[in-house]
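Please look over the sequence and the structure shown here before reading on. The report that follows takes up a few local features one by one.

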Amino acid sequence: MESYIVMQGRTYHEEKELGILFSLQQDSIGNVHHFWERMKEVVEGDRIFHYVKGDIVAISVAKSGYREEYKPITIPLPDSENAKGYLVEVEYYELDKPLMIADSFDEILPLLPKLYSPFQDNANGNQGYLYPCNEELTIKLVELIADLNIYEIDEEQLEFVMGTVQKTEHDFLIPLLAETESETKTKVRVGQQRFRKDLLPLWHDQCALCEIKLPELLQASYAKPWKDCTASERINPNNGILLCRNHDALYQNGHIAFDGQGKIHISTAIPEEDYEKYGLHTKLRVNRTENNKPYLKWHKKHIFKQ
């Protein structure tokens, strides 16, 4: 199961009425865009969060993969009459209380990828149509939506509800959120377990900096974070380094990095007189390989705080 965020500012109601997602294949001058081509990645069971004018207003489940179709006449896309596009059938579940992205953006921003993010740094949505939603972001959106839309009820109310045969949109939302969260967390856990298992022998089962070997203190530390990775990069042990918990915290937060030669770089946020406290010195190196070199360089470029 994959998750996506679809930007539907002017087409949401028409697409919901038809039970579909629809994008063009190319623009008026023949350009192809990643946010349209991504429609071809959707398969049955995938989850889509629907973004409209600042809010997540619905979740849908894909009923099929994509197919090529001419634009439905009711969908208001300018300069696109008789244009061919990609269509995916989905089941919409509207939220009683939409999630306003700006209200929770402090929690959302750290989970956004560097590339193909659905949102700008000011919490506004990016131009385009269909964006990937990584697992960490999916879990966070599900938690935020659940906080707004799932209500606690006392036993007397529960007895009444259980005896009611009428089904509402809210009745279907609870299991949908629970299933989405469960499947996504399982996917992350299994991937990270495989990543750690394959990473350990590459670094001889010890911290690459201080040589601590106690398993409980060792972290399989991603160079390129999960949110920025492709599916294969998330389980590629070359996209990581084995560190003790202290050095892992420094690495993940950008206080240390390693260049293409494996040489350590230390952020100016750590005073030189404190290097010994952190088990650091400027001549430290890690035994990098050609396979992990590009990932170490990516971390230094995008995560390291000079």
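## Model and terms

Helices and strands are named here from DSSP runs, a helix (H or I) having at least four residues and a strand (E) at least two, and they are numbered from the N terminus. The model is a predicted one, and its pLDDT averages 91 over the protein, with 93% of the residues scoring at least 70. Over residues 152–168, however, the pLDDT is below 50, and this stretch has four contacts in the model beyond near neighbours in sequence.

## Two loop residues with positive phi

Lys 53, which lies in the loop between β3 (47–52) and β4 (55–62), has a positive phi near 50 degrees although this residue is not a glycine. With a relative accessibility of 71%, Lys 53 counts as exposed.

Tyr 116, also not a glycine, has a positive phi of about 60 degrees, and its place is in the loop between α3 (105–108) and β7 (130–132). Its relative accessibility of 36% makes Tyr 116 partly exposed.

Helix α4 (residues 135–149) contains Thr 138, which is buried at a relative accessible area of 1%. Apart from neighbours within four places in sequence, Thr 138 is in contact with Ser 3, Phe 49, Cys 133, Thr 180 and Thr 184.

## Helix α7 and its cover

In α7 (residues 245–252), the buried residues include His 247, Asp 248, Leu 250 and Tyr 251. Seen down the axis of α7, its buried residues fall within an arc of 160 degrees, so they line one face of the helix. Their cover includes β8 (218–222), β9 (240–244), β10 (256–258) and α8 (293–302). After α7 comes Gly 254, with a positive phi near 80 degrees.

Technical notes:
Residues are numbered from 1 along each chain as its sequence is written. This is a predicted model: local features need pLDDT of at least 70, side-chain atom pairs count only at pLDDT 80 or more; totals for chains, interfaces and linings use all residues. Side-chain values use heavy atoms; hydrogens and water are left out. Buried means under 20% relative accessible area, exposed over 50%, partly exposed in between (1.4 Å probe, protein chains only). The arc is that of the directions from the helix axis to the C-beta atoms. Contact means heavy atoms within 4.5 Å. pLDDT is the predictor's confidence in each residue, from 0 to 100.
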